[in-house]
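Here's a quick briefing on the chain you're about to look at. Have the viewer open and follow along.

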Amino acid sequence: MKQEFCVAICPHCDGNGLLYIVKDEKSGELHACCDECYQEFINPNDIKTKNSFLSLDFNNVSVDVEVALNSKWKDYIYVLENGKWLKYTDKSIKLF
């Protein structure tokens, strides 16, 4: 079973979209991509400034939480625990 996690609520979607970590298969880079409007963010700071681009590359693949925890996105991860999104700072949250 895959751990559900995200990094933020999309700033373009009025709270309707979640940003998930995806891997660009061409460059190997990890980006955050909105599951609603498909805007992609290359760096965590881009979320605050709304610096994004429309993802038309549907070859991007989602990554496991372990991969995300070893990336530039590690300080921004939220995990779904008991129906609530919790910031992954509390190591008591079980990742599976």
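Predicted model: local features only at pLDDT ≥ 70, side-chain atom pairs only at ≥ 80, totals over all residues.

**Overall layout**

- You'll find 2 helices and 9 strands in the chain.
- Going along the sequence, the pattern reads β-β-β-β-β-α-β-β-α-β-β.
- The chain has 96 residues, and 38% of them count as buried.
- Take the contacts between residues at least 6 apart in sequence: 47% of them join residues at least 24 apart.

**The nonpolar core**

- The largest nonpolar core holds 19 residues, and those touching the most other members are Phe5, Val7, Leu19, Ile21, Ile47, Trp73 and Ile77.
- Strand S3 (18–23), strand S4 (30–34) and helix H2 (65–69) each put at least two residues into this core, and the largest share, 3 residues, comes from S4.
- Val7 is a handy one to click on: leaving aside neighbours within four places in sequence, Val7 is in contact with Leu19, Ile21, Ala32, Ile47, Trp73, Tyr76, Ile77 and Tyr78.

- Gln39 counts as buried because its relative accessibility is 17%, and the cut-off for buried is under 20%.
- The side chains of Gln39 and Ser52 are joined by a polar contact of 2.6 Å.
- Beyond neighbours within four places in sequence, Gln39 is in contact with His12, Leu19, Ala32, Cys33, Cys34, Ser52, Phe53 and Leu54.

**Lys50, in a loop**

- Lys50 lies in the loop between helix H1 (44–49) and strand S6 (53–54).
- With a relative accessible area of 45%, Lys50 is partly exposed, since that category runs between the 20% and 50% cut-offs.
- Lys50 and Pro11 are 39 residues apart along the chain, yet 6.6 Å separates their C-alpha atoms.
- Setting aside neighbours within four places in sequence, Lys50 is in contact with Pro11, His12 and Phe41.
- His12 turns up in the contacts of Lys50 and also in those of Gln39.

Notes
Residues numbered from 1 in each chain as written. Heavy atoms only, no water. Core = buried A, V, L, I, M, F, W, Y, C linked by side-chain atoms within 4.5 Å. Buried < 20%, exposed > 50% of the residue type's maximum accessible area, 1.4 Å probe, protein only. Helix = DSSP H or I, 4+ residues; strand = E, 2+ residues; numbered from the N terminus. Contact = heavy atoms within 4.5 Å. Polar contact = N/O pair within 3.5 Å; in protein donor to acceptor, adjacent residues only side chain to side chain.
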